[in-house]
Amino acid sequence: MRKDVRILLVGEPKVGKTSLIMSLVSEEFPDEVPLRAEEITIPADVTPERVPTHIVDYSEAEQSDEQLYQEISKANVICIVYSVNNKKSIEKVTSHWIPLINDRTDKDSRVPLILVGNKSDLVEHSSMETILPIMNQYQDIETCVECSAKNLKNISELFYYAQKAVLHPTGPLYCPEEKELKPSCIKALTRIFKISDLDNDGTLNDSELNFFQRTCFNTPLAPQALEDVKNVVRRNMMDGVKDNGLTLKGFLFLHTLFIQRGRHETTWTVLRRFGYDDDLELTQEYLFPLIKIPPDCTTELNHNAYLFLQSVFDKHDKDRDCALSPEEVKDLFKVFPYMPWGPDVNNTVCTNEQGWLTYQGYLSQWTLTTYLDVQRSLEYLGYLGYSIIYEQESQAAAITVTRNKRIDLQKKQTQRSVFRCNVLGARSSGKSGFLQAFLGRNLQRQRRIREEHKSFYAISTTYVYGQEKYLLLHEVMPDIDFLTETDLACDVVCLVYDVNNPRSFEYCAKVYKQYFIDSKTPCVVIAAKSDLHEVRQHHSLSPHDFCRKHKLHPPQPFTCSTNEAPSKDIYTRLTTMAMYPHMAQADLKNSTFWLRASVGATVFAVLGFAMYRALLKQR
């Protein structure tokens, strides 16, 4: 909402502009009226909307046209004052004032107008019959008020309506000619309805209506009041109430009714609570709350965020198969202005046999987005209404910023849950296969992936000593001379070569010596396509001798040319090295490091699967 309101009074000389201002301030009609009142500011604590209000007078005798144009450009609302007993001043409203104001304001952001009929104490009739056709002709006119500066009639109401026209404008919400809500308003209210429909059954039941009421107005509705609301809808439309719950049509009808009855502040309260600005766009402050991320720190979702995302998944998994079909994904993202996930997501996380996102894959994608682009994650959570449903100041409350990685290394322990592994290798060395194998896809399944849907990331969970962690694999482009800091910054490095290609290992050796030889980042050499015949590499040292010389673990054989899902042992080892880089170095000669990691992973993967099955039964 605006921080202040600027009201400008214009009109013909002697219609009583200055008298209206002075009567408001002194609460009595002035004996002597100056040519022009000085600008006054009404403090926030004495206005109904709690917003400071500046009231500006205009005098043709004292001000130039240029000064008038400047005031028009600065005004938030303009009151065109006419005298109810002076036909010429009424005619000037349409012949002079409205065209002048429209010429001086941008067509896309017209300032709201209020017609003010002063001196109603001097006549017995109303000017409304003359004014109503003018109001119907010009959409910018919010309302018309007849008042009397002398009798103090409707003076405070006039300035309240002016303030309301700025803070709660009708224009963006409602089309008076069509007598219906505008498309942008329908779109915003539809998103609000979908967020508030917590069980996604297409209606707001009493519990959801009360949650909505409490969220927007800080007070629940009494049972009788809830029934009264639904009865109003029932009387006016056939399908506004279904199974004793309010449908989207009924919800939109209620807001149409509020606006038609002059209570558009009710609709604006709802819109602003859900993050909308005066143009019915979600504000930058709502979508992108401030969050500080110091260097060498990463971003993760916290426990409450995962609970929220689980509830969103459950809400849209209508067939309860623990996977989201393309239609269910589409339904989930209806509260977004665009589709945030493309086909590449299905090749970044785990899917079921039909290629649909599993529960685990869905959470993995959220974890990936939060790690790589926390601003994007905040935006997505904003569209889903996280801060509203969890009653937080902003969705920044969903994010954990991890401590500096140097502190983890010093203390030899970490609280982080997401670890990044950059995968480097020459072209066709098997990097993509290595990523897809992590998602349980053998070579046969990988061949079905279309080139344009390929992903350079893969993320899933692994178990290290009983702790569930996310491992994020990133396939780095092979141009050795163009590697960026992002390509190099990670928790563990995989150097992949093709055992069947004699020139493949040369790349791994070069990258290691150029970028990682003095690094504290653990490195693992992967001997990919180990099901094929191993050939001698065209390098001065064999891969085994190279690893021995540089105190690296021996090359790890790997293949995804299997009948079943490829083995995941190597991924557990990578996560273990990422979590305990000091142990990886110390235990280099100790094969039990790998053994402990593998056995621990197997045990806890089984336990984890059993717990997951139990969780699914509960859900």
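Q: Is cysteine 350 buried or exposed?
A: Cysteine 350 is buried, at a relative accessible area of 14%. Buried means under 20% relative accessible area, exposed means over 50%, and partly exposed is in between, with a 1.4 Å probe and protein chains only.

Q: What am I looking at, and how is it numbered?
A: This is a predicted model, and residues are numbered from 1 along each chain as its sequence is written. Local features need pLDDT of at least 70, side-chain atom pairs count only at pLDDT 80 or more, totals for chains, interfaces and linings use all residues, and side-chain values use heavy atoms, with hydrogens and water left out.

Q: Switching to helices. At what angle do α2 and α3 cross?
A: Roughly 65°, with the axes coming within 10 Å. That makes α2 roughly perpendicular to α3. Helix α2 covers residues 65–74 and helix α3 covers residues 87–103.

Q: What are the conventions there?
A: Axes are lines fitted to C-alpha atoms, for helices over the stretch in contact, and angles run from 0 to 180 degrees between N-to-C directions. Under 35 degrees is roughly parallel, over 145 roughly antiparallel, 65 to 115 roughly perpendicular, and the rest oblique. Helices (H or I, at least four residues) and strands (E, at least two) are DSSP runs, numbered from the N terminus.

Q: Which residues make the contact between α2 and α3?
A: Leu68, Tyr69 and Ile72 of α2, with Trp97, Leu100 and Ile101 of α3. Contact means heavy atoms within 4.5 Å. By class, that contact has six nonpolar, no polar and no charged residues. Ala, Val, Leu, Ile, Met, Phe, Trp, Tyr, Cys and Pro count as nonpolar; Asp, Glu, Lys and Arg as charged; the others, Gly among them, as polar.

Q: What about α14 and α15, how do they cross?
A: At roughly 130°, with axes within 5 Å. That makes α14 oblique to α15. Helix α14 gives Trp366, Thr369, Thr370 and Leu372 to the contact, and α15 gives Val374, Arg376, Ser377, Tyr380, Leu381 and Leu384. The contact divides into six nonpolar, three polar and one charged.

Q: How many residues of α18 are buried?
A: Seven of eight, so helix α18 (residues 431–438) is largely enclosed by the rest of the structure. Among the buried ones are Phe434, Leu435 and Phe438. Glycine 440 follows α18 and has a positive phi, near 85°.

Q: And α23?
A: Mostly covered: 10 of the 11 residues of α23 (residues 569–579) are buried. The buried set includes Ile570, Arg573 and Met577.

Q: At what angle do α18 and α23 pack?
A: About 90°, with axes 9 Å apart. That makes α18 roughly perpendicular to α23. Phe434, Ala437 and Phe438 in α18 meet Ile570, Tyr571 and Leu574 in α23. By class, these residues are six nonpolar, no polar and no charged.

Q: What is phi at asparagine 154?
A: Positive, about 60°, although asparagine 154 is not a glycine. Its place is the loop between β6 and α5 (155–167). At 25% relative accessibility, asparagine 154 counts as partly exposed.

Q: And tyrosine 465?
A: Also not a glycine, with a positive phi of about 50°. Tyrosine 465 is in the loop between β17 (457–464) and β18 (467–475). At 30% relative accessibility, tyrosine 465 counts as partly exposed.

Q: Last one. What does aspartate 140 touch?
A: Asn102, Arg110, Val111, Pro112 and Leu113, not counting residues up to four places away in sequence. Aspartate 140 lies in the loop between α4 (128–137) and β6 (141–146), and is buried at 19% relative accessible area.
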